[in-house]
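Here is a short briefing to read with the structure open beside you. Take it topic by topic and follow along in the viewer.

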Amino acid sequence: MRGATQAATFLAGAAALHSAPALSWFFPATKRFLPTLMGVRPAGEVAITFDDGPDPVSTPLVLDLLARNEVKATFFMLGDMAKRHPDVARAVAEGGHQVGVHGLYHRNALFRSYPTIGYDLERGKSLVEESSGQAVHLMRPPYGVLSTAMLVHARRLDLRPLLWTSWGRDWRAAATRQSIVSDLVRHGIDGGTILLHDSDCTSAPGSTHAMLEALEELLALIQARGLRTMPAG
Ligand SMILES: [Zn+2]
């Protein structure tokens, strides 16, 4: 992967200096130096991505909303969730969306051994592929923490790491429709990759309610601005 070595050096240092999830402080730098990794896109385009699913309650609601707006997105699934809810994983793929892997469990790579990180990614990938029926070539590490070990294993497994340029901080208990949309707009929608969560399995319980309201508003905003949407990979 182009830029993998720089990414490893930069992000390992960044992660060591700062605990996850809190990447916003180096957004300006990474957007400029690692645009592919961060999901920078041409002006006029935006990719919407969802992490932590598939969830039997909230993912189908996300799929309905996307289908009504004729939007295709990318879902970074946890292997553990995909194994428990294979019908939902399959519905995502059958809806024409792209499936990526977010690991087996939602663990921070910063505090884990090299072989454990490899097992987590490999097993996560195979469970997501088995459940969804789609080959997976895209990965996003939990908390956005890309250690050197994670990058080496991703390359071995033919997985391209992808982070994001804009997030709604929808995992917080205090998040509202308004706060999520205003966070997304502040970081920028045009020419970027948006991070949301289609499950509250690692977030504040019920946080997907505010996310769904915000998603509806975001899709209207995207349409009003005439932006093109597509899967991230
Ligand atoms: Zn996550």
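How are H7 and H8 oriented to each other? They pack at an angle of about 45 degrees, and H7 and H8 are therefore oblique to each other. Please keep in mind that this is a predicted model.

**The chain as a whole**
- The protein chain has 10 helices and eight strands.
- Of its 233 residues, 45% count as buried.
- If we look at contacts in the chain with a separation of 6 or more, 78% of them join residues 24 or more positions apart.

**The largest nonpolar core**
- This core holds 57 residues, and Met 77, Val 128 and Ile 194 are the ones that touch the most other members.
- Helix H10, residues 207-224, supplies the largest share of the core, with five residues.

**Where H7 meets H8**
- Helix H7 covers residues 114-132, and its axis lies 9 Å from that of H8.
- On the H7 side the contact uses Tyr 114, Ile 117, Gly 118 and Leu 121, while H8 brings Ala 149, Met 150, His 153 and Ala 154.
- Sorted by class, the residues of this contact between H7 and H8 are six nonpolar and two polar, with no charged ones.

**A closer look at H8 and Ala 154**
- Helix H8 spans residues 148-156, and its buried residues are Ala 149, Met 150, Leu 151, His 153 and Ala 154.
- Just after H8, Asp 158 has a positive phi of about 60 degrees.
- Why does Ala 154 count as buried? A residue needs 20 or more other C-beta atoms within 10 Å, and Ala 154 has 23 such neighbours, so it qualifies.
- Leaving out neighbours within four places in sequence, Ala 154 is in contact with Leu 121, Met 139, Leu 159 and Pro 161.
- Ala 154 and Arg 140 are 14 residues apart along the chain, and their C-alpha atoms are separated by 9.8 Å.

**Where H4 meets H10**
- Helix H4, residues 58-68, packs with H10 at an angle of about 10 degrees, and the axes are 11 Å apart.
- That angle makes H4 roughly parallel to H10, because angles under 35 degrees count that way.
- From H4, Ser 58, Leu 61, Val 62 and Leu 65 meet Thr 208, Leu 212, Leu 215, Glu 216 and Leu 219 of H10.
- This contact of H4 with H10 includes six nonpolar residues, two polar and one charged.

**Met 81 in H5**
- Met 81 sits in helix H5, which runs over residues 79-84.
- Is Met 81 buried or exposed? It is buried, since 29 other C-beta atoms lie within 10 Å.
- Apart from neighbours within four places in sequence, Met 81 is in contact with Gly 53, Pro 54, Asp 55, Ser 199 and Cys 201.
- Met 81 and Ser 131 are 50 residues apart in sequence, with a C-alpha to C-alpha distance of 9.7 Å.

Key
Residues are numbered from 1 along each chain as its sequence is written. This is a predicted model: local features need pLDDT of at least 70, side-chain atom pairs count only at pLDDT 80 or more; totals for chains, interfaces and linings use all residues. A nonpolar core is a set of buried Ala, Val, Leu, Ile, Met, Phe, Trp, Tyr and Cys residues joined through C-beta atoms within 7 Å. A residue is buried if 20 or more other C-beta atoms lie within 10 Å of its own, exposed if 12 or fewer, and partly exposed in between; C-beta atoms are placed from the backbone. Helices (H or I, at least four residues) and strands (E, at least two) are DSSP runs, numbered from the N terminus. Two residues are in contact if their C-beta atoms, placed from the backbone, lie within 7 Å. Axes are lines fitted to C-alpha atoms, for helices over the stretch in contact, and angles run from 0 to 180 degrees between N-to-C directions. Angles under 35 degrees count as roughly parallel, over 145 as roughly antiparallel, 65 to 115 as roughly perpendicular and the rest as oblique. Ala, Val, Leu, Ile, Met, Phe, Trp, Tyr, Cys and Pro count as nonpolar, Asp, Glu, Lys and Arg as charged, and the others, Gly among them, as polar.
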